[in-house]
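Visitor: Hi! I'm new to this one, could you walk me through it?
Guide: Happy to, let's bring it up.
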Amino acid sequence: MTPAPRSVKRTLATIVLGFEVIVVALAALVIFGLGALPPLLALGGGALLALLMVAVLALLRYEWAYVAGWILQLIMVAAGFLNPAMFFVGGMFAAMWAYCMISGSRIDNQNQQFNQFNSNNENNENNEKENS
């Protein structure tokens, strides 16, 4: 028995959050290096945010995890108050997240409709064979 295919939305969300974890780690080092926050807060906050992203990555099988992903995107944009470049970086990741959520949902819906159509056609063909 083959496992059910992963949704496109989940796959795209995994890709965005996975790359974003790396960016968060690097951003924490930049904020630490610039002295925008005390060392413990800069590095600890960056580590906490990265761990939250990894946790959301692991929980993407639940629908509420996508809402948590949106909250993480807002936090990334808000990091721009610590380093103005983060407005751009966070905004780019938020835009990618939005695109992936919209496109992934659309593709998943199309795949579901296609599978239902094929399933109905197979049932009709089987019924026709049994009747003849």
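Guide: One term before we start: a residue counts as buried when its relative accessible area is under 20%. Also, keep in mind that this is a predicted model.
Visitor: Okay, so is Lys 9 buried or exposed?
Guide: Lys 9 has 15% relative accessibility, so it counts as buried.
Visitor: And which side chain does Lys 9 meet in a salt bridge?
Guide: That of Glu 63, with 3.1 Å from N to O. The structure holds one salt bridge, and this pair links distant parts of the chain. Lys 9 belongs to helix α1 (residues 8-34), while Glu 63 sits in the loop between α2 (39-58) and α3 (64-78), 54 residues apart.
Visitor: Is Glu 63 buried or exposed?
Guide: Exposed, at 54% relative accessibility.
Visitor: Back to Lys 9: which ring face does it lie over?
Guide: The face of Tyr 66, at 4.4 Å from the ring centre.
Visitor: New topic: how many aromatic pairs does a search of the whole structure find?
Guide: Three. One of them is Tyr 62 with Trp 64, a stacked pair with 6.0 Å centre to centre and 10° between the planes.
Visitor: Why is the pair of Phe 81 and Phe 87 edge-to-face?
Guide: Because their planes are at 85°, and an angle over 60 degrees counts as edge-to-face. The ring centres of Phe 81 and Phe 87 are 5.1 Å apart.
Visitor: What about the accessibility of those two?
Guide: Phe 81 is exposed at 68%, whereas Phe 87 is partly exposed at 36%.
Visitor: And Tyr 62, what is its relative accessible area?
Guide: Tyr 62 has 38%, which makes it partly exposed.

Key: Residues numbered from 1 in each chain as written. Predicted model: local features only at pLDDT ≥ 70, side-chain atom pairs only at ≥ 80, totals over all residues. Heavy atoms only, no water. Phe/Tyr/Trp six-rings, centres within 6.5 Å; stacked < 30°, edge-to-face > 60°. Buried < 20%, exposed > 50% of the residue type's maximum accessible area, 1.4 Å probe, protein only. Lys NZ or Arg CZ within 6 Å of the ring centre and 35° of its normal. Salt bridge = Lys/Arg side-chain N within 4 Å of Asp/Glu carboxyl O. Helix = DSSP H or I, 4+ residues; strand = E, 2+ residues; numbered from the N terminus.
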